[in-house]
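Have the sequence and the 3D view at hand as you read.

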Number of protein chains: 4
Amino acid sequence: MNNNLFNEILSAQSIKRTVKQQRIVDASIRLFSEKGYSNTSTAEIAKVAEVSEASIFKQYGTKDNLLLSLIVPYIKEFFPSLANEAMDQIISNADSTFEGFLRAFLKNRIEFITGNKEIFQVLIKEIIYKEELKKEFLPYFHEIVIPRITKFIALFKERGELIDIPIDKILKLLFTFISGFIVSHFVLLNKESISNEEVEDVICFVMDGIRKSSSDH
Amino acid sequence: MNNNLFNEILSAQSIKRTVKQQRIVDASIRLFSEKGYSNTSTAEIAKVAEVSEASIFKQYGTKDNLLLSLIVPYIKEFFPSLANEAMDQIISNADSTFEGFLRAFLKNRIEFITGNKEIFQVLIKEIIYKEELKKEFLPYFHEIVIPRITKFIALFKERGELIDIPIDKILKLLFTFISGFIVSHFVLLNKESISNEEVEDVICFVMDGIRKSSSDH
Amino acid sequence: MNNNLFNEILSAQSIKRTVKQQRIVDASIRLFSEKGYSNTSTAEIAKVAEVSEASIFKQYGTKDNLLLSLIVPYIKEFFPSLANEAMDQIISNADSTFEGFLRAFLKNRIEFITGNKEIFQVLIKEIIYKEELKKEFLPYFHEIVIPRITKFIALFKERGELIDIPIDKILKLLFTFISGFIVSHFVLLNKESISNEEVEDVICFVMDGIRKSSSDH
Amino acid sequence: MNNNLFNEILSAQSIKRTVKQQRIVDASIRLFSEKGYSNTSTAEIAKVAEVSEASIFKQYGTKDNLLLSLIVPYIKEFFPSLANEAMDQIISNADSTFEGFLRAFLKNRIEFITGNKEIFQVLIKEIIYKEELKKEFLPYFHEIVIPRITKFIALFKERGELIDIPIDKILKLLFTFISGFIVSHFVLLNKESISNEEVEDVICFVMDGIRKSSSDH
DNA sequence: GATGAATGAGTTTTCATTCAT
DNA sequence: CATGAATGAAAACTCATTCAT
């Protein structure tokens, strides 16, 4: 499974980038992730990419479009891919439990982000500011992510594995926690990856909370 | 208990702001929270505040200093206040449980943020970008927040209320979840407040997770 | 009678220009008239006016608005002024003939243009290109100039002085000829003024054409 | 008689244009006439012509030369053609009067311009700005147009048809009026053509002016 | 003959900042 | 204390032009 975003786009969209065009992409992602979109000038991108500013604008028209050209394909790749590949096989698996699903899901997404950490940082940093981005992002989220995860939660809830509160509450709590966890690691703390141990802690927390269970003592 | 930040600063620091100075502060917070620091020009602040740009620079010297002047007192108020006032009385309270502590803590912080939502948004949005801000923020976090919360967790863990994993892991999971929850509400979704019902869901999730307990059936 | 446009505006609109602001106006008119709007850069204006480019944009916002700020008041002054002052006294004059009216009109407008030749050139050169300008110009033309001249022509036609064709045809022929004459002198040939002799030739031509009258021999 | 400029050039100069080259010419004329030379980029021409920008520069070297390549042949065709073909037969005609000459001249030139309105617009719009163009244009005007028309006027003046003022004054008044009339129609008002009725009005005006003749009543 | 890729030198415009009054 | 006026520096963006293929 290849989680590198740009290889994916490359093969998917058959875009042939010249060496210089690729350098623009690389420099933009790096600088945007380090300093933020607003604090990065096209002059700086041109310098780092060792191309002329004109080349950037020839290709992308505006700086804003450059940002979108980096992020939108990433968004469109980020969520759909989570299911088509790994998820279906989990659920068909014999010993499939919600815990197993959660573990697979987390590892899959963490792997994906680890391979494209910088662009993930750009996405998170800019989605706060740009309504434009939210509008690209939210439909994908509502139409693809939420129904998909809802399906899983419903399934496991029917099997009696999950607590007896409405699915949308479970979803919201899960989403809040997991995204908070991932964002604080990759964006705030700028960690390279998340260890298996940390993943297990998260799963443990999500499943059973922090209260000492009565059966423990 | 008055959680309005600026009243606090006003009384604490005895700064007497003229009407115009107050308008600068108000305009800055509003604009920074809406569009971000980088995307707000001093000309725009001056226009909204109905003062001259020169007045802003007379007061604050640089635009950067204006931002810090808004945020730093907020940071310094945000965390210390959580203990000095409400927390100590919780712990001394008769029926003090971790759940009770968590409830009081959440309600207290949510109330604080609700009263100063815009500046909270500014803080969150800018702390991602500005190393300068992280440097202001992290010491406070490490020196004041962490020890304080650690003390509480240790206390309740000793009482056997909490799961038997290292305190710093509990702290990290708690922090990740709670901050994720609060940030996604107040910044991403731009909600006005968080309802009691939502707080109870969070507490429930944090304490017991989402797994159906064996005693439920 | 003071035909200098900017003195008129100055007194009319009570705009107080600083020395530098006046230099911007002067430099713009000069350069626009010499090289055309499109071929004049704001950098060049700044250099000639010995101000910073920023000062130009501080005042006018855009280069386009700079052009309009020069031309629109000129348009609004050009046509109305032709009647309020000189024309009414002509018509009330004892020996008022159409020829006399034409002579007064031509001399009045030629004097006005001579005093502001450069901005007249800018107006003519740019009105060809800018729909924006046409929209400023045409209403004034239709609402103020045409009715006014029509009134005069109708008056003299009633007196039996003018040829028996529809007023609007007379107007159109007159306008076409006179504007053609003035534009070719001041814009194409860049003459400083138009001599009395030339004015008399024009009047002669307009009144009687170029055919040798039967009474001449 | 074929007045389409490019067919004329084609046959006259035996230039074989490829389809793409012709598209460049068409696009340039269209865009230059709509927006003016300065406001039309070579990129835009290339896009409209559906060729690469490089092809334009391969052909014409510079954008300036592209403009000249369009206009200069037009100038060289515009004036000479007025005599070689139609004019000589007019004068040799039995009932030749100045009025007849004027009518033939006007109709001939109006037909010519109507068939190439866009390039006529380009010529007029750019001759105002470009000294270069004036230098191309004026010699032709002085060496070919003026002597030719002077010859006609002198002829008809000798026959006693025209008013008794110097020939150059008649020429100037005629030129001013006719060019003013044509330019205002085709460039300012962007009319498609000029009707026979309008032509007759012009002739009437030019010949006899607007004064009611004493023999009319 | 045609073009995709690339750019140097501009262009308009923005912006934080200074200073005399 | 307040500000109108002014700006250097840099921002985003444009454009005519070149050149290897």
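## Two helices side by side in chain D

At roughly what angle do the axes of helix 5 of chain D and helix 9 of chain D cross? The axes of helix 5 (residues 63-78) and helix 9 (residues 131-158) of chain D cross at roughly 15° and come within 11 Å. That makes helix 5 of chain D roughly parallel to helix 9 of chain D. Here, angles under 35 degrees count as roughly parallel, over 145 as roughly antiparallel, 65 to 115 as roughly perpendicular and the rest as oblique. Axes are lines fitted to C-alpha atoms, for helices over the stretch in contact, and angles run from 0 to 180 degrees between N-to-C directions. Helices are DSSP runs (H or I, at least four residues), numbered from the N terminus.

Which residues make this contact, meaning heavy atoms within 4.5 Å? Helix 5 of chain D supplies D64(D), L68(D), I71(D), V72(D), I75(D) and K76(D), while helix 9 of chain D supplies E132(D), L133(D), E136(D), F137(D) and Y140(D). By class, this contact of helix 5 with helix 9 of chain D has seven nonpolar, no polar and four charged residues. For these classes, Ala, Val, Leu, Ile, Met, Phe, Trp, Tyr, Cys and Pro count as nonpolar, Asp, Glu, Lys and Arg as charged, and the others, Gly among them, as polar.

## About the model

This is a predicted model, in which local features need pLDDT of at least 70 and side-chain atom pairs count only at pLDDT 80 or more, while totals for chains, interfaces and linings use all residues. Residues are numbered from 1 along each chain as its sequence is written, chains are lettered from A and ligands numbered from 1 in the order in which they are written, and side-chain values use heavy atoms, with hydrogens and water left out.

## A perpendicular pair in chain D

Now turn to helix 2 (residues 19-35) of chain D and helix 4 of chain D, whose axes come within 11 Å and cross at roughly 90°. That makes helix 2 of chain D roughly perpendicular to helix 4 of chain D. In this contact, Q21(D), I24(D) and V25(D) of helix 2 meet S55(D), I56(D), Q59(D) and Y60(D) of helix 4. The contact of helix 2 with helix 4 of chain D divides into four nonpolar, three polar and no charged residues.

## Around DNA strand E

Sugar and phosphate make up 60% of the atoms of DNA strand E that come within 4 Å of the protein.

Polar contacts are pairs of N or O atoms within 3.5 Å; within protein, one must be able to donate a hydrogen and the other to accept it, and residues adjacent in sequence count only if both atoms are side-chain atoms. A polar side-chain atom of K20(D) lies 2.4 Å from a phosphate oxygen of DNA strand E. Helix 4 of chain C gives the largest share of the surface near DNA strand E, four residues.

## Around DNA strand F

DNA strand F is surrounded by 33 residues, and the closest are K20(B), K20(C), S55(C), T42(D) and F57(D). A side-chain N or O atom of S55(C) is 2.7 Å from a phosphate oxygen of DNA strand F. Helix 4 of chain A gives the most to the surface near DNA strand F, with four residues.

Conventions
Contact = heavy atoms within 4.5 Å. Near = heavy atom within 4 Å.
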